[in-house]
Amino acid sequence: MIYFDKVSKIHRDGTPALEDVTLSISPKEFVSIVGHSGAGKTTLIKMLLAEDRPTEGTVFFESADVHAFPKSKLHHYRRKIGTVFQDFRLIPNKTAYENIAFAMEAAGRPEDEIRSDVPHILDLVDLGGKGHHFPNQLSGGEQQRIAIGRAIINQPDLIVADEPTGNLDPVNTYEIMDILKKINELGTTVLITTHNKGVVDSIGRRVITMDRGRIVRDDMQGQYVL
Amino acid sequence: MWMMIKRMVATGAKNFVRSGAVSFATVLVMTVTLAIIGSLIFLSAILGNTLSALEDKVDVNVYFVTNAQERDIIAIKERLEDIPEVSAVTYTTREDRLAEFRTRHENDQLTLQALDELNDNPLGAALSVKAKDPSQYQGIVEFLEEDPSISPAGGPIIDSINYFQNKTVIDRLTSAINATERAGLVIVIIFALASTIIALATIRLAIYTARDEIAVMRLVGASNAYIRGPFIVAGVISGLLASILALLLFYPATWYAGTALQNWLGGFNLFSYYMSHFGMVFSILVGSGILLGALASWLAVRRYLKI
């Protein structure tokens with residue numbers, strides 16, 4: 001489903017962020033990418049989302065080169081991926097409901113579908129009563145659940161979560177991971193980056209360990225080892 | 001497609017209302033810009049009106065000798081009226097000129113006594129010639145001087161032409177008005193440009209605060225057009241509100257300026273000008289308001305759509 005072919009990213013000042021990364025992820029996998037800060041986890045995600053271009057190598061998504069999409073077509077590709085970020089990245093002047101609805105509106109889904117799907121998703125992330133709240137009226141855990149709701153609303157093939165629990169306390173961390181596991185059980189590929197040992201160990205699925213821009217370990221039933 | 005447009009309009013309106021203070025500031029800045037653009041319209045109207053009022057006062061008087069025959073004068077009048085540059089020729093008889101002279105000097109007994117001492121009316125008949133454009137007086141005077149038919153057998157019947165006395169005044173006035181008009185327009189255009197740039201910068205700043213949101217929208221899979229739409233709608237709303245505010249502002253402003261300046265501007269009333277040209281002022285202000293808002297938003301969002 002995802003294939004990184006000898007991808008390198010060298011910053012303008014000459015420091016390498018990714019070096020010769022080759023990686024393949026199959027459908028329905030739950031993959032954790034672990035490593036210290038600056039190991040290249042976020043850069044890897046940015047390459048996948050076509051937020052940034054690699055210096056060398058190619059990134060394939062379902063056998064299409066993601067960096068070959070013209071800017072005007074890129075959003076069609078991105079609709080296949082649900083994204084969750086450490087800093088939630090909700091739209092501050094939209095309510096919880098509208099933040100989730102926005103992803104559907106942007107995808108051109110009809111009004112009646114939005115009206116029936118969004119409350120359903122809000123219930124799924126356990127925020128049924130808070131749809132009319134703005135992000136700044138919600139706790140970090142609640143904001144992240146909205147972000148997950150937004151990520152899954154268009155039934156993407158892949159969920160990419162960059163440090164989804166980085167700003168959360170242990171209870172919220174547990175809940176968020178629980179939701180992500182459920183999504184994966186329903187058949188969606190999940191790719192997360194984290195440096196939380198507890199999170200990785202609790203999943204017990206594939207773990208890719210990165211260090212200084214390189215993949216140093218890739219275990220199918222991994223633990224956080226560094 | 002229609003559904004997406006409806007969504008963009010609804011989102012734009014909602015965003016405009018929700019970012020209250022920023023929207024308010026944008027509308028105010030745009031109001032100032034549009035008010036300056038509106039002043040440009042009024043200034044050019046005032047200048048144009050003053051120019052035509054002054055031009056109207058300029059004429060050339062042809063004075064005839066006292067024994068000139070009326071039919072000769074009428075003949076000259078008709079010939080003058082045939083010249084395309086001439087807008088009007090007025091004939092004043094000897095008697096009328098005398099009466100005019102008497103009224104003008106009614107407080108000057110000495111002059112009137114001297115006039116009474118004379119047996120005959122010393123004044124000749126006159127033709128007052130108005131040209132369509134002040135620059136055409138020269139040609140009209142040349143025509144009068146060169147045409148041989150106006151000097152019939154009994155000697156020349158034209159006593160004098162006062163153009164040469166007025167010439168310098170007329171010339172100076174014309175160039176002064178033209179210079180004022182040009183300078184005034186240049187100044188207001190500079191103001192309009194400056195305030196347009198300020199309005200553009202304000203909208204750009206308002207959208208700058210939304211740059212992270214724009215990045216998020218891109219990552220969530222919104223197309224560029226769908227992201228840009230609501231911002232342009234909000235810009236158009238700002239422009240529309242600003243133009244309506246400016247139009248309302250001109251109502252008391254022109255009323256006050258109209259009454260205060262009416263005498264000074266030779267009877268030209270700004271308020272009645274505003275009322276009679278409301279359609280034109282309305283479309284210029286609303287048009288430039290919408291254009292300014294939409295263009296500024298489009299330019300500002302474009303910078304943040306690179307992700």
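Predicted model: local features only at pLDDT ≥ 70, side-chain atom pairs only at ≥ 80, totals over all residues.
**Exercise 1. Helices H3 and H4 of chain A**

Task: Find at what angle the axes of H3(A) and H4(A) cross, and name the class of that packing.

Solution: 
- Locate the helices. H3 spans residues 96-106 of chain A, and H4 spans residues 111-124 of chain A.
- Take the axes. They come within 10 Å and cross at roughly 130°.
- Assign the class. Angles over 145 degrees count as roughly antiparallel, and 65 to 115 as roughly perpendicular. H3(A) and H4(A) are therefore oblique to each other.
- List the partners. From H3(A) come A:Ala96, A:Tyr97, A:Ile100, A:Ala101, A:Met104 and A:Glu105. They meet A:Ile114, A:Asp117, A:Val118, A:Ile121 and A:Leu122 of H4(A).
- Sort them by class. The contact of H3(A) with H4(A) has nine nonpolar residues, two charged and no polar.

**Exercise 2. Where chain A touches chain B**

Task: Work out how many residues each chain puts into the contact, and which element of chain A gives the most.

Solution: 
- Count each side. Chain A supplies 18 residues and chain B supplies 18 residues.
- Look for elements on the chain A side. Those giving two or more residues are helix H2 (74-78) and H3 of chain A.
- Pick the main contributor. H3(A) gives the most, with four residues.
- Sort the chain A side by class. Seven residues are nonpolar, six are charged and five are polar.

**Exercise 3. Helices H1 and H9 of chain B**

Task: Describe how H1(B) packs on H9(B), giving angle and axis distance, then hand.

Solution: 
- Locate the helices. H1 covers residues 2-18 of chain B, and H9 covers residues 224-261 of chain B.
- Read the geometry. The angle is about 55°, with the axes 7 Å apart.
- Assign the class. That angle makes H1(B) oblique to H9(B).
- H1(B) passes H9(B) in a right-handed crossing.
- Name residues. H1(B) contributes several, including B:Met4, B:Met8, B:Val9 and B:Phe16. H9(B) answers with a set that includes B:Tyr226, B:Pro230, B:Phe231 and B:Ile237.
- Sort the whole contact of H1(B) with H9(B). Eleven residues are nonpolar, four are polar and none is charged.

**Exercise 4. Domains of chain B**

Task: Find the domain bounds in chain B and how far apart the C-alpha centres lie.

Solution: 
- Domain 1 of chain B is 2-54 + 173-304. Domain 2 of chain B is 66-156.
- Take the distance. The C-alpha centres of domain 1 and domain 2 of chain B lie 54 Å apart.

Note on methods: Residues numbered from 1 in each chain as written. Chains lettered and ligands numbered in written order. Axes fitted to C-alpha atoms, helices over the stretch in contact; angles between N-to-C directions. Parallel < 35°, antiparallel > 145°, perpendicular 65-115°, else oblique. Contact = placed C-beta atoms within 7 Å. Nonpolar A, V, L, I, M, F, W, Y, C, P; charged D, E, K, R; others polar. Domains from an automatic or database assignment. Left-handed = near helix turned anticlockwise from the far one by under 90°.
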